[in-house]
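Reader: I would like to learn how to read the contacts between chains in a model like this one. Could you take me through it step by step?

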Amino acid sequence: MAKSPLHAAEGHAHEIHPVSMYVRTALILAFFMVLTIVAAQVNFGEILTGHNRQYGYYVNNLVAVGIAAIKAFIVVMFFMHLKWASSTAKVWALMGFFFLPVLFSVFCDYGTRTHEQVDGWIPGQSETALPRVIGSRDQEHLDPRFANDQNRNPKSSLY
Amino acid sequence: MSTTVTTPIGSGEAAPGPRLNYLTNGHSLKSWLLTEDHKRIAILYLISVSFFFMLGGAFAGMIRYELTSPAGNVFESDAYNRIFTAHGAIMVFLFLLVAVPAVLGNFLVPLMIGARDLAFPRINLLSWYLYTAAGSLILISCISGGVDAGWTFYTPYSSLYSNSNVSLCLVGVFLGGFSSITTGVNFIATVHRMRAPGMTWFRLPLFVWAQYATGIIMMLGTPVVAITLLCVIFERTFQLPIFSPELGGDPVLFQHMFWFYSHPAVYIMVLPSFGVISEVISAFSRKRVFGYHFVAFSSLAIAFLGFLVWGHHMFVTSQSMYQGVAFSLVTFLLAVPSAIKIFNWTATMAKGNIHLNSPMIYAIGFMGLFLIGGLTGLFLAAMGMDVHLTATYFIVAHFHYVMVGGTVMGFLAGLHFWWPKMTGKLFNDNIAKWNAIVVFLGFNLTFFPQFIAGWMGMPRRYHYYYFAPEFQIYNILSTMGATVLGIGFVIPVIYLIKSLFTGAQAGDNPWGAHGLEWQTTSPPPTENFYYSPIITDDVYDYDPVAEHEAIRELGANRQH
Amino acid sequence: MSAHGHADSPVKFQYEDIDQQNDTYVIGMWSFMVTEIMFFGGLFLIYTLYRMNYQGDWWKAHEHLDWRLGGINTANLLVSSMLMALAVRAAQLKDRIKVMTLLSMVVACGGLFMAIKYVEYSGKIVDHLYPGPSFTTNPEILHGANLNHAQLFYGLYFGMTGLHGVHVIVGMLIISFLIKFWYQKKKVVTEDYIPTELIGLYWHFVDIVWIFLYPLFYLMPKPFTVLGGH
């Protein structure tokens with residue numbers, strides 16, 4: 001492969017890659033794009049049976065985010081040339097992906113919360129929280145229409 | 001020269017002809033406002049930062065004035081809310097986060113590592129303009145209608161209820177964050193790639209290590225608060241509900257994200273000061289910093305651990321108890337690297353040849369104040385005690401000990417230490433020494449009574465306390481101290497400015513310190529060094545024998 | 001010390017040589033990328049929490065989004081990313097015409113992206129799906145979703161894709177300036193490919209954000225509760 005005349009001594013950091021490499025990368029990305037659309041049409045909640053059905057949603061999400069992560073990795077490595085970059089650049093590039101989980105450790109909080117029951121507040125129904133206008137809290141929150149909320153996440157202990 | 005850096009630079013090898021330094025290289029306003037010279041940008045920062053410090057101080061004065069009487073009859077509640085918000089926002093976002101990194105860091109990082117400039121001079125200038133824009137917006141929002149959300153901008157108050165000028169202020173803080181990010185990126189790229197030949201990582205002065213660790217926090221933390229505040233702006237101006245509790249949003253998530261940055265931000269404020277103190281203690285004890293590697297790595301450890309403790313600001317929210325315990329433990333753990341620094345500075349001073357010049361007195365004062373601030377932090381890290389002390393004056397006293405006692409003392413120590421380098425003039429060290437003592441005493445008189453009042457239960461952010469007139473004595477003591485402190489902050493402005501006109505010429509190295517920045521002229525030339533430095537010896541390589549001889553040769557007047 | 005004081009040299013005075021400058025630029029750009037990751041990371045955090053809490057309503061609310069339009073945009077950005085990478089390659093070869101052609105195509109892709117976004121946004125606004133007082137009061141349009149939670153969904157939809165759109169527009173502006181510099185044969189871009197590469201890094205980052213936004217907003221799986229489980 002040809003080397004940039006300016007950096008002949010620098011080695012592979014400034015290598016010029018063949019067009020086919022970029023096209024191949026794009027094709028792989030396109031494949032994953034199709035895969036993520038196909039995977040979204042498949043509902044693992046319907047495929048899994050019995051007790052496992054409730055985990056289908058999480059499988060779907062993991063597949064979707066996993067494919068996105070693979071695509072991002074390919075873009076970072078080949079389009080953004082991180083594969084050939086200096087190790088310092090590699091460390092910095094990874095730093096963000098390392099610190100995102102630190103930020104997401106917020107979920108250690110939401111996953112382990114315990115709450116005492118508050119009068120008039122039906123868990124899972126935000127309507128029963130304090131309304132926007134202070135002082136106008138009325139009996140609406142006891143409305144039986146909201147008594148059977150199917151949106152409540154069975155896994156979440158937030159509400 | 002008492003130091004042994006072997007570089008081609010020396011006072012005897014001056015370039016022929018009159019030397020231009022960075023101050024005399026161009027006198028037009030344009031040469032200052034469009035400069036790409038890191039030293040000039042540092043001076044621009046120094047001027048603007050001092051202005052905002054004085055402004056924030058004026059707001060603090062109003063707070064103290066109001067609190068001398070339990071009746072609270074000077075300002076209305078609304079006005080008082082706006083005053084303490086203005087004090088907090090200006091001091092935090094426009095002074096504490098900026099002062100040491102942007103003034104001293106900008107000036108010294110390239111000098112200390114032997115570079116001609118920072119890696120991205122134009123972005124450095126951009127950061128000053130962003131800072132100025134941020135300052136103007138925050139200032140405009142504070143005087144046109146005011147902001148009453150507190151500097152923490154907790155939702156849903158800031159997003160739904162506050163009728164004050166929150167959005168404008170938030171835009172200002174957002175721009176300030178950008179300025180901070182650009183500074184951080186600049187420092188990191190500079191330290192990685194711009195070091196002079198021979199300047200290995202472990203020959204870097206601890207000040208540079210501290211700036212590097214600060215840069216990491218600026219890069220990783222600031223964007224999170226930027227997006228958080230942007231969400232509040234979205235909510236206020238575009239009606240996009242992000243944290244709205246009435247629609248099912250979670251305001252506690254705002255606090256999580258806010259403190260994810262704002263706790264590490266405490267280390268943005270105080271880590272650079274740690275760096276300054278390392279330099280000053282070493283220079284005035286004429287000793288290598290004890291446990292150099294430990295101090296260097298404790299900066300990185302603080303930067304990293306600082307990201308894992310944000311929840312200790314939220315013990316009284318609906319945060320999970322279990323995560324509260326984890327945060328409490330990590331917070332205790334964070335005391336270790338901070339203590340390493342204090343121990344190592346003390347060990348550096350032990351059996352050192354201590355010179356009590358003004359920077360050293362500020363540095364010793366720093367150690368005392370930061371120690372109290374840090375230890376009371378441990379009180380607050382304990383969950384049970386925190387529930388009792390949250391939102392009292394104990395908290396106020398604690399973070400003023402850390403932030404003012406830490407950052408401001410470190411900033412003043414650094415400013416005095418490097419003033420001869422920055423301006424080429426010597427200031428009156430006798431006045432400065434006495435002033436350092438005044439600042440130390442005034443500070444303690446201001447904030448120590450607040451510990452007691454807070455312990456007794458005086459709530460923060462109240463402008464009256466007629467329900468408990470026994471707090472008045474502490475508040476009056478505190479206001480007296482604030483007056484002394486205010487005088488202590490005005491006097492340096494006078495004698496430092498006076499030194500510009502009547503001060504004696506400082507040599508290259510008036511303090512006899514060791515370090516690359518002292519090897520060039522004072523003030524340095526625009527390109528920092530007349531010859532490219534090559535570093536062959538260790539950092540803080542003070543030679544006690546040569547030092548002793550130098551002092552005997554020069555006599556007592558050299559140091560005093 | 002090769003390049004001190006030469007005004008038209010691409011090496012700035014603070015660097016020893018072009019290699020040091022390029023290395024520093026790349027590290028600086030990657031550290032900026034890290035800040036961008038954390039910036040969008042905050043939004044993804046908010047998204048994840050609310051999605052966990054309101055799975056059913058969010059799924060119903062998301063049914064109003066057209067995954068085909070989103071898919072076209074995904075493919076569009078993918079192609080633009082490839083073109084950008086090829087433009088950087090052309091810059092390495094100093095093939096000026098090719099660089100300008102490829103960069104113009106990248107800008108065109110960005111324009112197409114924004115045009116499709118415009119169609120999508122106006123569709124939502126016509127249906128009163130922009131959050132706030134004018135938000136629709138008709139749950140039918142959202143397949144019976146709780147309107148409060150749907151407002152949260154559309155708040156984040158407009159917030160996140162809007163912020164991404166701002167990044168696309170900024171990228172288009174920067175690339176337009178890059179084309180202008182290449183057209184004017186400015187030495188700062190023609191002598192070395194790194195300036196083009198840095199702008200390419202930014203553009204790829206914008207692509208990466210969309211790679212995550214697309215499945216999260218357009219391809220939500222049906223949650224268990226909506227499937228009829230208990």
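Author: Let us begin with buried area, meaning the accessible area (1.4 Å probe) that two parts lose on being put together, summed over both. Chain B and chain A bury about 2,200 Å² between them, and 66% of that area lies on carbon and sulfur atoms. Tyr161(B), Leu220(B) and Glu246(B) supply 21% of the area that chain B buries against chain A, more than any other three residues. The model is a predicted one, in which local features need pLDDT of at least 70 and side-chain atom pairs count only at pLDDT 80 or more, while totals for chains, interfaces and linings use all residues. Residues are numbered from 1 along each chain as its sequence is written, chains are lettered from A and ligands numbered from 1 in the order in which they are written, and side-chain values use heavy atoms, with hydrogens and water left out.

Reader: How many residues does the contact take from chain B and from chain A?

Author: Contact means heavy atoms within 4.5 Å, and by that rule 29 residues come from chain B and 22 residues from chain A.

Reader: How many salt bridges and how many residue pairs in polar contact are there between chain B and chain A?

Author: A salt bridge asks for a side-chain nitrogen of Lys or Arg within 4 Å of a carboxyl oxygen of Asp or Glu, and the count between chain B and chain A is 0. A polar contact is a pair of N or O atoms within 3.5 Å, where within protein one must be able to donate a hydrogen and the other to accept it, and residues adjacent in sequence count only if both atoms are side-chain atoms; the rule finds 9 such residue pairs across this interface, both residues being at pLDDT 80 or more.

Reader: Which helix gives the largest share of the side of chain B that touches chain A?

Author: Helices (H or I, at least four residues) and strands (E, at least two) are DSSP runs, numbered from the N terminus. The largest share of that side, 5 residues, comes from α8(B). By class, where Ala, Val, Leu, Ile, Met, Phe, Trp, Tyr, Cys and Pro count as nonpolar, Asp, Glu, Lys and Arg as charged, and the others, Gly among them, as polar, that side of chain B has 18 nonpolar, 8 polar and 3 charged residues.

Reader: What area do chain C and chain A bury between them?

Author: Chain C and chain A bury about 5,700 Å², 70% of it on carbon and sulfur atoms. Trp30(C), Leu45(C) and Phe224(C) supply 11% of the area that chain C buries against chain A, more than any other three residues. Here 62 residues of chain C are in contact with 65 residues of chain A, with 0 salt bridges and 7 residue pairs in polar contact, both at pLDDT 80 or more. On the side of chain C that touches chain A, α1(C) gives the most, with 19 residues, and that side divides into 36 nonpolar, 16 polar and 10 charged residues.

Reader: Which residues touch the most other members of the largest nonpolar core?

Author: A nonpolar core is a set of buried Ala, Val, Leu, Ile, Met, Phe, Trp, Tyr and Cys residues joined through side-chain atoms within 4.5 Å, and buried means under 20% relative accessible area, exposed over 50%, partly exposed in between (1.4 Å probe, protein chains only). Of the 305 residues in the largest core, Phe153(B) and Trp30(C) touch the most other members.
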